[in-house]
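Please look through the sequence and the model first.

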Amino acid sequence: MPDVTLPLPLVRATLNPVFRIMLNRRLPFGVQRALMDWGAVAQRAPRGTHVERIRLGGRPAERVSVGPVSDGATVLYLHGGGYTVGSPITHRALAAYLSRETGCAVQVPDYRLAPEHPFPAALEDAEAAFLELVAAGFRPERIAVAGDSAGGGLSLALAERLRDRHGLTPAALGLIAPWTDPNEVPARDRDLVINKPWSRACAAAYLGGGDGSDPGYAPLLGDLGGLPPTYVQADRGELLHAQCTRLVAQLRAAGVPTEFTETDGLWHVAQLQAGLVAQAAAVTAELGQFLRQALRPAQSRSIG
């Protein structure tokens, strides 16, 4: 449970105008980034959170931990934000909750953002971060990859690239409302967090002059076979719910062990508010426990 628990209707009523202002396609992306970093101070991290600024894969990053952590396993977390906004700062509290649940440090790279750096810059940075963790001594099966929204799509694209280019498989994928096909136009104008004009602007900025059918850009269009155990979370009321449902169906059809949690009454990536909302804390804990189990040594997993 979070240290402070606020009523769900109150949090929803507060966040609605906040996201309408921050995620407005008329605002320059630089202004959106500044507003999101500033607003992140309201997201409470658990007590004992330690943040170490590092470099990972040639990019600035944060290593977030809570309490003693494993030296042999870690989580690579790829933040969301439509590939145009977001940072380790905006996702620091969520990374801390995952560290507490997994018993591992959570590495959050500050990957390059569009439109200044369109596809495949973010994917290249994620790939470089994972490979550096391997070079530092982490076995691939002791590295879990997780992410939310665009970071969830980036996590899936990374797993496909690691399989195809390097013959590597992470321990697991933890995907919070992953945006796995930016080509898809939402059926509705908005949910509490995301609106259609903003999401289409993000998709265009990230694609740049690239090919929308490239699985690196839209990993839902790629081969899902041979991916690691995957956990997907989404709320039924969000714009990406139908896409997440399709992803889960395709993962299962490809033989990937897949778990799917659907919430009611939360919002897109409510896990960011795990320090304030009990329901968000609960699903964040479930994700953390899934990753923790996947990161246990094979012998420990087999003997339960």
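How many aromatic pairs does the count come to? With rings of Phe, Tyr and Trp (its six-membered ring) taken to pair if their centres lie within 6.5 Å, and with planes under 30 degrees apart called stacked, over 60 edge-to-face and the rest tilted, the count comes to six aromatic pairs. This is a predicted model, in which local features need pLDDT of at least 70 and side-chain atom pairs count only at pLDDT 80 or more, while totals for chains, interfaces and linings use all residues. Residues are numbered from 1 along each chain as its sequence is written, and side-chain values use heavy atoms, with hydrogens and water left out.

**Aromatic pairs**

- The rings of Tyr 206 and Tyr 217 are stacked, because their centres are 5.5 Å apart and their planes stand at 25°.
- Tyr 206 belongs to helix H6 (residues 196–207), whereas Tyr 217, eleven residues apart from it, sits in the loop between H6 and strand E7 (230–235); helices (H or I, at least four residues) and strands (E, at least two) are DSSP runs, numbered from the N terminus.
- Tyr 206 counts as buried at 1% relative accessibility, and Tyr 217 is likewise buried at 2%, where buried means under 20% relative accessible area, exposed over 50% and partly exposed in between (1.4 Å probe, protein chains only).
- Tyr 231 and Phe 290 form a tilted pair, since their ring centres are 5.3 Å apart and their planes are at 50°.
- Because Tyr 231 lies in strand E7 and Phe 290 in helix H8 (residues 278–295), this pair ties together parts that are 59 residues apart in sequence.
- Ring pairs also join Tyr 83, Phe 119, Trp 179, Tyr 206 and Tyr 217 into a cluster.

**Salt bridges**

- A search of the whole structure finds 13 salt bridges, each being a side-chain nitrogen of Lys or Arg within 4 Å of a carboxyl oxygen of Asp or Glu.
- One of them joins the side chains of Glu 116 and Arg 33 at 2.9 Å, N to O, and Glu 116 is partly exposed at 47% relative accessibility, while Arg 33 is buried at 19%.
- Another links Glu 62 with Arg 92, whose closest N and O atoms are 2.5 Å apart.
- Since Glu 62 lies in strand E2 (residues 59–66) and Arg 92 in helix H3 (residues 92–102), that bridge ties together parts that are 30 residues apart in sequence.
- Arg 112, Glu 124 and Asp 125 are linked in a network of salt bridges.
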